[in-house]
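Hi,

Here is the structure I promised to pass on. Have a look at it first, then read my notes below.

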Amino acid sequence: MALLVAPLFPFALASLLGTLAWTDWRTKTVPDGLTLSLVATGLANSWIAGETFGATATLSLGLISLGLFQERVFAERGWFGSGDYFLFAGAIAWTGLLAIADLLLLTSIFLGAHAIFARSTTIAMAPSLAAATLILFFGAPY
């Protein structure tokens, strides 16, 4: 069964990230249902690929917990919403633990470029994180 499902995972990654990036670009929000789907498919991919599932799942669930804590404790919306934590957890689930530094660096570069070209300080993070995740997933290792 894993051999039949595994080829669909890259398609799931691209479609989920594209939907999340488009939604965040248009509405400045990231739906929790889509981000949690990204985490679930990323963890399933890591399980099937035989990667470091335990550590990846622990870090992803820790980020989800942090997002839920921030959402419950702080009523006001800050720079990072709970969906952004979930999105980052999904990106880590897909790229793996060894790519966290690369993921942060690429996302920062894309966010900086986006802020400069948009001439704004309030920009959507999902398009930058989605681009970094796709580059690392399909083009890694660096």
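Let's start with L66, which is found in helix α4 (residues 53-73). Helices here are DSSP runs of H or I with at least four residues, strands are E runs of at least two, and both are numbered from the N terminus. L66 is partly exposed, with a relative accessible area of 40%. For that label, buried means under 20% relative accessible area, exposed means over 50%, and partly exposed is in between (1.4 Å probe, protein chains only). Together with F69 and V73, L66 forms a nonpolar patch on the surface, with about 280 Å² of accessible area in total. Such a patch takes residues with over 30% relative accessible area and no salt bridge, and joins nonpolar side chains (Val, Leu, Ile, Met, Phe, Trp, Tyr) within 5 Å, or like charges within 9 Å. A salt bridge is a side-chain nitrogen of Lys or Arg within 4 Å of a carboxyl oxygen of Asp or Glu. Areas come from the Shrake-Rupley method with a 1.4 Å probe, and for residues only the protein chains shown count as cover.

Before going on, two notes on the source. This is a predicted model, where local features need pLDDT of at least 70 and side-chain atom pairs count only at pLDDT 80 or more, while totals for chains, interfaces and linings use all residues. Residues are numbered from 1 along each chain as its sequence is written, and side-chain values use heavy atoms, leaving out hydrogens and water.

Now the whole protein: it has seven helices and zero strands, and 39% of its 142 residues count as buried.

Inside, the largest nonpolar core has 31 residues, and L17, L38, L63, L87, F88, L103 and L129 touch the most other members. A core is a set of buried Ala, Val, Leu, Ile, Met, Phe, Trp, Tyr and Cys residues joined through side-chain atoms within 4.5 Å. Helix α5 gives this core its largest share, nine residues.

Last, look at H114 in helix α6. H114 is buried, with a relative accessible area of 17%, and touches W25, I123, A124 and S128, again not counting residues up to four places away in sequence.

Cheers

Conventions. Contact = heavy atoms within 4.5 Å.
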